[in-house]
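Thanks, everyone; I will keep this short and take the helices, the pocket and the surface in turn.

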Amino acid sequence: MEHKKHEALAMAPALGRNPLTEDVMERTFYRPARDDGEDKPTHYKIVSISLYLEDIDLLNRMVADLKAKGHTKANKSALIRAALRQCDLDKVPKNI
């Protein structure tokens with residue numbers, strides 16, 4: 001991916017664009033155009049969240065443990081979805 005970024009940045013001046021603008025960055029690197037004519041999926045969305053490094057380590061260990069127990073399709077997203085379904089909001093500390 002890094003190579004493609006550098007290649008696109010090198011081509012941008014020839015296209016008359018400023019490679020440092022957010023617009024070019026989004027179109028070139030983060031949101032490739034769909035040319036297959038299909039609509040975007042509507043049953044899920046991609047979100048970005050922030051986690052502390054220790055939480056990421058815990059999440060990764062938990063996924064590895066699930067896989068070791070035979071949950072071959074376990075991943076971070078699936079584990080977070082399962083945790084959300086089991087969360088009791090009355091037990092969540094007020095200082096989170």
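Predicted model: local features only at pLDDT ≥ 70, side-chain atom pairs only at ≥ 80, totals over all residues.

Which residue just after α3 takes a positive phi? That residue is Gly70, with a phi of about 105 degrees. Residues are numbered from 1 along each chain as its sequence is written, and side-chain values use heavy atoms, with hydrogens and water left out.

Helix α3 itself covers residues 53–68 and, with 16 residues, reaches 22 Å from its first C-alpha to its last, close to the expected 22 Å, where the expectation is 1.5 Å times one less than the number of residues. Helices here are DSSP runs of H or I, at least four residues long, numbered from the N terminus.

Turning to the largest pocket, it holds about 500 Å³ of space, and of its 13 lining residues the closest to the centre are Lys45, Ile46, Val47, Ser77 and Arg81. A pocket is an open set of points on a 1 Å grid where a 1.4 Å probe fits, with protein on both sides within 12 Å along at least five of seven lines, and lining residues have an atom within 4 Å of a point. Helix α4 (76–86) and α3 each give two or more residues to that lining, with α4 giving the most, 5 residues.

Finally, Leu51 sits in the loop between α2 (22–30) and α3.

Note on methods. Points joined across faces, edges and corners; volume = space filled by probe spheres on them.
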